[in-house]
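Work through the exercises below with the sequence and the coordinates at hand. Each task is followed by a solution in steps.

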Amino acid sequence: MSYCPPFEFKVIRGDRRSLSVRISDDNSVVVRCPESLPSDGILKFLERRRAWIARRMAENEQIARRYSSVISGGSVLVNGEELPLTVGARNHIGADGVSVTSPRALKNLLITELGGRFCARVREFARRFAFDCGAISFRSYRGRWGCCDCRNNLTFNYKLLMLPCLLQDYVIAHELCHTRRRDHSPQFKALLKAVFPARDAAEKQLESFSFLARLY
C-alpha cells in the first residue's frame, strides 16, 4: 500500500532531475519534481522525508503560538521586542507600545524611527571589514531580507527592523559579502563565516521569522 501523507501538498513538475519539498510557515507543502516522475515516486519521497516534515510542521505551530498576537495584529515586533499595537491619532513608538494612524503607516514609522541607526550599523560593518558599500534603502519584500545590486547598492526589507539586532547584523553582513561575491558559493560562505562567525545559528533563527513576510 502506498504511503498516504496526513497533509495536503502541491506538486510542481518541471525540467529538473531532483526532488525537493518545502514547508511554508503556514505549513503548506510544495513538492518540486521531474516532469516524468510518477505519483508513486512522489509518495515514496514524502515517506522518506516524513520525520523531517513532521518536525518542521511542529516547529511552525510552536512559532504560530509564540507570536499569535503579532499574527493577529494585536502587537508588533520592534528590534525583537513585542509591543502592543494600536490604531490612534499619531504614529509613535514608545516603551509601552506602538501607535499608528493606519496599518499602512507602520512601514514608514519603522523606517523613520529605526532606519537611521540601522544604516549607521551597515556603514560601521562596511568600514570594519573594508567593504565597498553604495546607497542604502528599504522596501517591502515578500521572499527576501535584502538585496545587493551590481553597483553595491544595498536594499533591505523594512521588516528587518522588527527583528532582534543580532539577526539584523547577520543580514547586513550577508549583503555586504555580496559586494565581493555575487553568488552563494563556498567562497562566499567562507567570507560570511569570517565576517559573522555565528552565521549558522543566525540563519536557523532567521527562519523562525519568515511568517512576517505574509503579514505586512
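Predicted model: local features only at pLDDT ≥ 70, side-chain atom pairs only at ≥ 80, totals over all residues.

**Exercise 1. Side chains of a strand**

**Exercise 2. Neighbours of β10**

Task: Find how strands β8 (residues 136-139) and β10 run relative to each other, and how many bridges join them.

Solution. Take β8 first: β8 and β10 run parallel and are joined by four bridges. In this pair, R139 stands opposite N157. Last, inspect the connection: β9 and β10 form a hairpin with five residues between them. In the turn, N152 has a positive phi of about 65 degrees.

**Exercise 3. Packing of α5 and α6**

Task: Describe the packing of helix α5 (residues 165-177) and helix α6 (residues 186-195), and list the residues in contact.

Solution. Two packed helices are described by the angle between their axes and the distance between the axes. For α5 and α6, the axes come within 10 Å and cross at roughly 135 degrees. Angles from 65 to 115 degrees count as roughly perpendicular and those over 145 as roughly antiparallel; α5 and α6 are therefore oblique to each other. Their crossing is right-handed. On the α5 side, the contact involves Y170, A173, H174 and C177, which meet F188, L191, L192 and V195 of α6. Sorted by class, this contact of α5 with α6 has seven nonpolar residues, one polar residue and no charged residues.

**Exercise 4. Packing of α5 and α7**

Task: Carry out the analysis for α5 and helix α7 (residues 199-207).

Solution. Begin with the geometry: α5 and α7 pack at an angle of about 110 degrees, and their axes are 10 Å apart. That angle makes α5 roughly perpendicular to α7. The crossing of α5 and α7 is left-handed. Then list the contact: α5 contributes L167, Y170 and V171, and α7 contributes R199, A202, E203, Q205 and L206. By class, the contact of α5 with α7 has five nonpolar, one polar and two charged residues.

Key. Residues numbered from 1 in each chain as written. Heavy atoms only, no water. Pairing = 2+ DSSP bridges. Helix = DSSP H or I, 4+ residues; strand = E, 2+ residues; numbered from the N terminus. Axes fitted to C-alpha atoms, helices over the stretch in contact; angles between N-to-C directions. Parallel < 35°, antiparallel > 145°, perpendicular 65-115°, else oblique. Left-handed = near helix turned anticlockwise from the far one by under 90°. Contact = heavy atoms within 4.5 Å. Nonpolar A, V, L, I, M, F, W, Y, C, P; charged D, E, K, R; others polar.
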